[in-house]
Amino acid sequence: MTAFEAIGLTRSYQLEGVSVDALRGVDLTIGAGEFAAIIGPSGSGKSTLMHLLGCLDRPTSGILRVGGVDVATLDDGQLADLRNRTIGFVFQSFHLLARTTALDNVALPLVYRGVPRGERRNRARAALEAVGLEHRLDHRPSQMSGGEQQRVAIARALVGDPQVVLADEPTGNLDSRNGAEVMNLLRRLNGENGVAVLLVTHEREVAEQAHRQIHVRDGRIEHDTGGSVTLA
Amino acid sequence: MRMALEALRVNRLRSALTMLGVIIGVSAVVILVAIGTGAKDAIEREIAGLGSNIILVVPGQLNFAAAPTQSRLDLGDVAYIRRVVGDPTRVTVSVQSGETIRVGRQEAFVTVVGTDQYVPNVFDRPLRRGRYLSETDVDTRRRVVILGSEVAARLYGDVDPIGRQATISGVRFRVIGVYETVGATFGVARDQEVHVPVTTAQRLIGVARINGIGIGASGPDEIEPLRERVVDALVQRYPGEKFSAVTQTQLLGTIGSVLGMLTGVLAAIAGISLLVGGVGVSNIMLVSVRERTKEIGLRKALGARQRDILGQFLIEAVLLTTIGGVLGILLGVGGSLLIQALSPVPASITLWSVALAFGVSAGVGVFFGVAPARRAGRLDPVVALRAE
């Protein structure tokens, strides 16, 4: 069982008539339950890769299977559904709805799955408890620290029981202590719940906490420490 | 729905200002239509107040814009029409002139109407005191007068005028009656008329002509055949000349359609302001979409489909306009009642205008909300997430 399988993945953009190749052929397999980091300098194509893996964008060419499904066969609605059910996102700048409580922020993905309100709240509460924020249910993002906000975001990524959590520079906006806490949380998630975690970062220390490092440069995978180390 | 309410609450001032456009539009529709309808009702009441099933015969072509044609009808023609109608008591006559009436030092300029004993059979003209003209009054050219209620009040105040003297153009008359207040018809203040026997009036004014004949049909079904019969008979008697006979139905029809059109025009003007309000909604929704690009990106990343986003923004727009619509209706109804209470302009609130204004405002929400909502739905999540 694999979380992601990419074969010859490319993505190019048209910028003012000039074609820019952000990804130039990526072959990558991420197994279920893996804890991997994509590392590379800015402009290396790591964000583009993450957007493709997260089904936020479609590849220009190549094949991408998410949870065994070829995304090229899905329409926009099915793609949205795939994002909702199999992928949890954690962003560098948290992306919480500003005037909404932690509980409602966490429950948001379930709204789009048609889960009834009562159950949404129960599951959101459980997810917030899992990240140690049971005392912050009715707080708004502005009433919480950066570390707490990112933990709310992680709870939101978890609430839908995804197969993979995609974390884009999750510690980028946090101080080292809060950053460490978030990394601990992600590691625990991976270890205890068996959720695959794919980090995107440019910080070597962060990347090294993952079990596998995938170095990206100039739109290609330069070095992969653990292509064969597939757990489970 | 809750999300939409929340979004509107977050931007209270902006939502309120946007709604204001819709509120003004909707209330303008309600108020203007109420005034238009009120005016129409008032005039229809005036026409109906004349009496029922009346046919008015006048020489020449009836034309509201031109001065009346020189009359060639006289009392002989009235007798002829009475024979045509078959029942002489349902035909009455009128000759008019503006004259000064004087009692002691009090004087008033009034319309002297020469008529006969059949007035109450044709017109709805109740007496407050005294009696109507009699056959003898007309036959013997008596100098008796029935006063309109305003004339009576002006000349005699609280004193009972029955049996007292009044001087019209230097000729002394005896007051035999006072009419009830009946109001105005087409700007003719009927309470400022005085009625004298037609024969007396002809001598007073110095004419042998009469101005018009009023006929009371026995029922609504008789009006049209009787009207044709009378006009045909007159044309037969005076070949080559034109006579008009108008019925209340015709008057109601003409006036009604004119005022209906006026109401429509007013409603259309108000509708334009509603449209402008709609453009405001559209504009604000576009701003809102742009401002919340990141939120849209996030929602999409979390699994929102295009139609989820579209629905969210559409509900917001519709909510904005329907809340505005409801407030506008309240304002419009309140404004109409206020106008009615504080000014002589009659206002009559109609259900259709309220329903229409509400429907249009909700429709405006959908129509002007669709474009921004579609734009929101189509946003590329990657681009949207990156927006700062």
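Visitor: Leaving aside its neighbours within four places in sequence, which residues is Leu198(A) in contact with?
Guide: In this predicted model, Leu198(A) has its place in strand 8 of chain A, which covers residues 196-201. Once the neighbours within four places in sequence are set aside, the residues in contact with Leu198(A) are Phe4(A), Ile30(A), Ala36(A), Ile38(A), Leu53(A), Val165(A), Leu166(A) and Ala167(A).

Visitor: Does Leu198(A) count as buried or exposed, and at what relative accessibility?
Guide: Buried means under 20% relative accessible area, whereas exposed means over 50%. Leu198(A) therefore counts as buried, its relative accessibility being 0%.

Visitor: How far apart in space are Leu198(A) and Ser142(A), C-alpha to C-alpha?
Guide: In sequence, Leu198(A) and Ser142(A) are 56 residues apart. In space, taken from C-alpha to C-alpha, the separation of Leu198(A) and Ser142(A) is 28 Å.

Visitor: What radius of gyration does chain A have, and what does the globule rule give for 232 residues?
Guide: Chain A has seven helices and ten strands. Its radius of gyration is close to what the globule rule gives for 232 residues, so chain A is as compact as a globular protein of that length. The C-alpha trace of chain A spans about 45 × 45 × 40 Å along its principal axes. For chain A, the radius of gyration and the value from the rule are 17 Å and 17 Å.

Visitor: What radius of gyration does chain B have, and what does the globule rule give for 388 residues?
Guide: The secondary structure of chain B comes to 13 helices and twelve strands. Its radius of gyration is well over what the globule rule gives for 388 residues, so chain B is more spread out than a compact globule. Along the principal axes, the C-alpha trace of chain B spans about 105 × 50 × 30 Å.

Visitor: Which residue meets Glu148(A) in a salt bridge between side chains?
Guide: Glu148(A) counts as buried, at 12% relative accessibility. The salt bridge made by the side chain of Glu148(A), at 2.9 Å from N to O, is with Arg136(A). The pair links distant parts of the chain, twelve residues apart, with Glu148(A) in helix 5 (residues 146-158) of chain A and its partner in the loop between helix 4 (117-130) and helix 5, namely Arg136(A).

Visitor: How many residues apart in sequence are the parts that Glu222(B) and Arg90(B) tie together?
Guide: The side chains of Glu222(B) and Arg90(B) meet in a salt bridge, at 3.6 Å from N to O, and both residues are buried. Because Glu222(B) lies in helix 8 (residues 220-237) of chain B, while Arg90(B) lies in the loop between helix 3 (75-85) and strand 2 (91-103), the pair ties together parts whose separation in sequence is 132 residues.

Visitor: Which residues are linked with Arg299(B) in a network of salt bridges?
Guide: Arg299(B) forms a salt bridge with Glu295(B), the closest N and O atoms being 2.8 Å apart. Because these two residues are four apart in helix 10 (residues 293-301) of chain B, about one helical turn separates Arg299(B) from Glu295(B). Arg299(B) is buried, with a relative accessible area of 4%, and Glu295(B) is buried as well, with 18%. In the network of salt bridges, Arg299(B) is linked with Arg292(B), Glu295(B) and Glu316(B).

Terms used:
Residues numbered from 1 in each chain as written. Chains lettered and ligands numbered in written order. Predicted model: local features only at pLDDT ≥ 70, side-chain atom pairs only at ≥ 80, totals over all residues. Heavy atoms only, no water. Rg over C-alpha atoms; globule rule 2.2 N^0.38 Å. Buried < 20%, exposed > 50% of the residue type's maximum accessible area, 1.4 Å probe, protein only. Contact = heavy atoms within 4.5 Å. Salt bridge = Lys/Arg side-chain N within 4 Å of Asp/Glu carboxyl O.
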